Amino acid sequence: MSDPAAGEALADVAASLDAADPLAPLRELFVLDDGTVYLDGNSLGALPARVPERLVEVVSREWGQLGIRSWTESGWWEMPQRVGELIAPLVGAGPGQVVVGDSTSVNVLKAVVGAVRIARERDAGRQPGRDELLVDEATFPTDGYIAESAARLTGCTVRAVAAGRVPEAVGPRTAAVLLNHVDYRTGALNDLPALTAAVREAGAVGVWDLCHSAGALPVGLDAHGVDLAVGCTYKFLNGGPGSPAFLYVRSGLQERFDSPLPGWASHADPFAMEPAYAPAAGAARGRVGTPDILSMAALEEALTVWDGVRIEDVRAKSLALTDFFLRCVAAYTGAGAEVAVRSLTPAEHARRGSQVALLCDPQERAEEVMAELIGRGVVGDFRRPGVLRFGFTPLYTAFQDVERAARVLGDVIGGTR
């Protein structure tokens, strides 16, 4: 049960923090229910307010009136690269290295197979050959599935290792390493600079999954020499359900990037319809087929909320939000609760993403607890076994949201039957 006196004090702190928050005005750019605390932006970001109007324009005028002319007159054909340029600064990439299109899973396949091919082409004739693919053992399951398929396509074997053990595990037989920047379940942040350096030193090619970091914290792809990266756009980038993912190919590797999905849209002369494939220059060779214009247009408009926003300021607020949430949880979920919770998310800022994962004891009560939270207007999500996940999107999450969420959690776990 929550302490009313502590609640009053923390509510005052939350109000003061919101009053001093330089990012607070951005909240008005989103469609939010005042009666709901939305802490699930790590699964699906909130709707930017200007997106519906933009979609009406795309459907009614660009498609409805211009029809096929919109491929040129409305800039549809260039949209994958154009939207990629909007994402690039948010992940620390220079121009010409990010292309948008397809799902995260499809881009993981392109990147991993491409990474193996680059490593082998670079070491052609060396013995022993590079026939191993390392995968983060805590990876999101789909990445693991794709890695297994990529291994079958390339004749590699897959070895799962803890991210922190990659420097000692990577070796002369390693072709590629697939890592998650943030652990989707615990919110733990992996050391991208150090792990990238270790992979490169071993002569392998690294692939980073940025789904839980893009738009939440600085990534520094160029600064840290990342080879390849993929990420979704419907979480902290607020692109909408099923919005297309992005692929980053470092400029120095682009001419050697051999995609396993050489579609017509990535051809050097796509409208020549030649029988032989010749890859396009630059990031465009990461394209495959016809771009998904409606969802990409929604994403392009959604990204306008980032105009003038520094990712470093977003990170500072993210850490402040998660610090404050942990403080409030400690105050509101004391002794005597029917369900105990403890954080799985690292306390150290350098190891924390933009979510907090709480493990319930007993674990079997977690799903019930989250259902009750949602019923009371606090939206997070649940991961088996026993984990409550709360995502913090600094562009629209307020400190008063955080205090309310922790207070309701205290009430629920103290009184759930």
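Tutor: Helices here are DSSP runs of H or I with at least four residues, strands are runs of E with at least two, and both are numbered from the N terminus. The model is a predicted one, in which local features need pLDDT of at least 70, side-chain atom pairs count only at pLDDT 80 or more, and totals for chains, interfaces and linings use all residues. Residues are numbered from 1 along each chain as its sequence is written, and side-chain values use heavy atoms, with hydrogens and water left out.

Student: In what order do the four strands of the open sheet lie?

Tutor: Two strands pair if DSSP finds at least two bridges between them. Here the order is β11-β12-β15-β14, with antiparallel pairing. β11 (340–343) and β14 (381–383) are the edge strands; each has a single partner, so one side of each lacks a neighbour in the sheet. From one strand to the next, the twist averages 35 degrees.

Student: How many bridges join β14 to β15?

Tutor: Three bridges link β14 to β15 (residues 387–391), and the two run antiparallel. Across this pair, D381 stands opposite R389 in β15.

Student: Which strands does helix α10 touch?

Tutor: Contact means heavy atoms within 4.5 Å. Axes are lines fitted to C-alpha atoms, for helices over the stretch in contact, and angles between N-to-C directions run from 0 to 180 degrees. Helix α10 (residues 311–332) packs on the sheet and touches β11, β12 (355–361) and β15, with its direction at about 25 degrees to that of β12. Helix α11 (residues 366–375) lies across β12, β14 and β15, at about 35 degrees to β15.

Student: Where is a cis peptide bond found?

Tutor: Most residues other than glycine have a negative phi, and most peptide bonds are trans. The bond joining D361 and P362 is cis, with omega about 5 degrees; P362 sits in the loop between β12 and α11. The bond from R384 to P385 is cis too, with omega near -5 degrees, and P385 lies in the loop between β14 and β15.

Student: What is the phi of D102, and what is that of N238?

Tutor: D102, which is not a glycine, has a positive phi of about 70 degrees, and it lies in the loop between β4 (98–100) and α5 (104–122). N238 has a positive phi near 60 degrees and is found in the loop between β9 (228–231) and β10 (246–249).

Student: Is N238 buried or exposed?

Tutor: Buried means under 20% relative accessible area, exposed over 50%, and partly exposed in between (1.4 Å probe, protein chains only). N238 is buried, at 2% relative accessibility. D102 is partly exposed, with a relative accessible area of 29%.
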